[in-house]
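Dear colleague,

I am passing the structure below on to you, with a short account of what was found in it. Please read the notes alongside the model.

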Amino acid sequence: MAAMADEVSGDLAKTTVEQISQFHRMRGSKGFDGAAELVASKARAYGLENVEILQFPADGKIFYGTQRSRPAWEVEEGELAEVSGGTSRRIASYAANPIVLAQDSQSADVTAALVDVGDGSKESDYEGKDVAGKIVLVSTQAGNAQELAVGKYHAAGIVSYAQNQQTAWSGTNDDLIRWGHLKVFSAHPTFGFMISLRTARGLQARLASGEQITLHARVKAEQRPGFYEIVTATIEGADPVRKAQEVAITCHLDHPRPSANDNASGCAAILEVARTLRTLIASGKLPRPARTLRFIWSPEVEGAVTLLNARRDLAASIKALVFMDMVGGSPDTKAVFHMTRGPESLPSFIHDVAWTFAAWLNRETYEYASRGVAEYPVAEASGGREPLRAEYSVYDVGSDQDVYQDSSFGIPTVYMNDWPDRYIHTNFDTVANIDTTKLKRAAFIGATVGYFLSSMSTSDVASVDRAMAIGSAMRMAMAIQRGATPAAARTSAAGYEQAALASRDVFLGAQPKRAALLHSLGRSPGAVVYRRASAPKGPLAVFGYDYFAEHAHDAGIEEPRLLSFRGAWGGSDEYVYELLNFADGHRTAQQICDALSAEYGPVPLDVVVEYLLALKQLGIVEAL
């Protein structure tokens, strides 16, 4: 701990954030390639082993499990100007600020009138408005308006002032420009520009007064066959047998320029973890761990789905994972730092181990902030002095953690992340909002957790059991806070805690007790249980492609109610993700319903059954 605290550098990590942030990191693009080469070159310079940039073809046709590969998207230029009255005034420039061009925009050279259609995602938005051949101004994401505006009403293109993801700060910054998306596989390709709320209000006021506004949009961009690029490197394990068991530390490398916190920060942090551990091992201050440490930099979600499907050897060898997605936000981002544990469907001891290190750092940094003195402040002179105040948070869907912990792969994952961040996915996610102290602390936690897991042996069982006892008490307390009686909380927790203990034993090489792995489930003779099919592997809804939606549409299945269900502690994304994980070949529909209700809030059995039957019709689950 002392050696890591002395060696890990938030300043070095921030320098890497600055470098990564210079690239517009779209999938398969020259910008992503530049960022990947930067990371690989640093990994080699730090002395890491087996440094590679893996390439997997992506052409819009190849599937990797549930991921329909998205073709590469490359941009040469994009500019939006007003040309009303014979003069030209630039509104948006890709060269100056690439986030202004919606992802997957296609080439165009259009001069047309602007029409305000409000939200733009509903039929009623177009009533009485002639948008054919014109450019529409919408408040929704460009992709949400694409099928109606362009496909049905024949608009020439889209300008969107969609605000940022819903938080308390959404819509409060008039100059914020949000990252925009068009549909990758739409039959109606088009272009989209993203503008600020201030710019949109000015245009709306002029249109409302009866003024005609003419815009000139020029875009040179294309989708083309390309590659998913994934950087990987290792610190080889020392044990001849256990080095085949890997502990991975990963991030997602993609996103628009600058995207400093999301997620140049995570990518820089794991590089700093790698440098720190490699330096300490090479100097003899730390022994080489028994298991191999693997570091992975990939495109978000689709890169993880691709890697685990294309490289089944890695999917089998990775036994635990630490995922860093946004770990450097300064207090100005308003973020809370989370140590997010896994879903209830995948009990694991690793979450309690990770929380032990984070809770320790919480105490040390609070002492430093409150008294100015601490044995381990883990702070940079160039950074903040605030306490860390990490939260031990329940599972949250939305990024690579979903892929690794999906029942197809079952890799328990510690998810380190900032949320909320008021600048996420905007032009304000800059290096100026990155704190070197925060980066140092995130890298410190990643290094300690990764090193402990890669070195863990039977001699560590007592300390792990203590961590698990604390974690169990915290989980039970949360169940009681949510309304369960103490007795009910203990009963509900029993199966999870048994399985978590079994995960510890499996990690150490022991054979698990069958009852523990099955969460002590019982069922009546002849009762129908549901089991996920062996393929396709991965979550059903991934970036840019929804496996369930496409196949359900082709099969004529109406949208199941679970896809719009909102529970007490979770939304439809959480329910459908966990339902498929709970379909493990041992649970009945009622038991799946009970498990979902305990995790995210009560859900009607008929809503669960309806979705299970839809999955069964598509061959995604089997009834046994």
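**Helix pair and sheet**

Helix α2 passes helix α3 in a right-handed crossing, a term used when the near helix is turned clockwise from the far one by less than a right angle. This is a predicted model, in which local features need pLDDT of at least 70 and side-chain atom pairs count only at pLDDT 80 or more, whereas totals for chains, interfaces and linings use all residues. Residues are numbered from 1 along each chain as its sequence is written, and side-chain values use heavy atoms, with hydrogens and water left out.

The axes of α2 (residues 10-20) and α3 (residues 30-45) come within 10 Å and cross at roughly 150 degrees, where axes are lines fitted to C-alpha atoms, for helices over the stretch in contact, and angles run from 0 to 180 degrees between N-to-C directions. The two helices are therefore roughly antiparallel, the word for angles over 145 degrees. Thr16, Gln19 and Ile20 in α2 meet Leu38, Val39 and Lys42 in α3, contact being heavy atoms within 4.5 Å.

Turning to the sheet, 8 strands form an open, mixed arrangement in the order β1-β11-β13-β12-β14-β17-β15-β16; helices (H or I, at least four residues) and strands (E, at least two) are DSSP runs, numbered from the N terminus. β1 (49-58) and β16 (391-393) stand at the edges with a single partner strand each, so one side of each has no neighbour in the sheet; strands pair if DSSP finds at least two bridges between them. Strands β12 (residues 246-252) and β14 (residues 318-325) run parallel and are joined by 5 bridges, and threonine 250 has phenylalanine 323 in β14 as its bridge partner.

Terms used:
Parallel < 35°, antiparallel > 145°, perpendicular 65-115°, else oblique.
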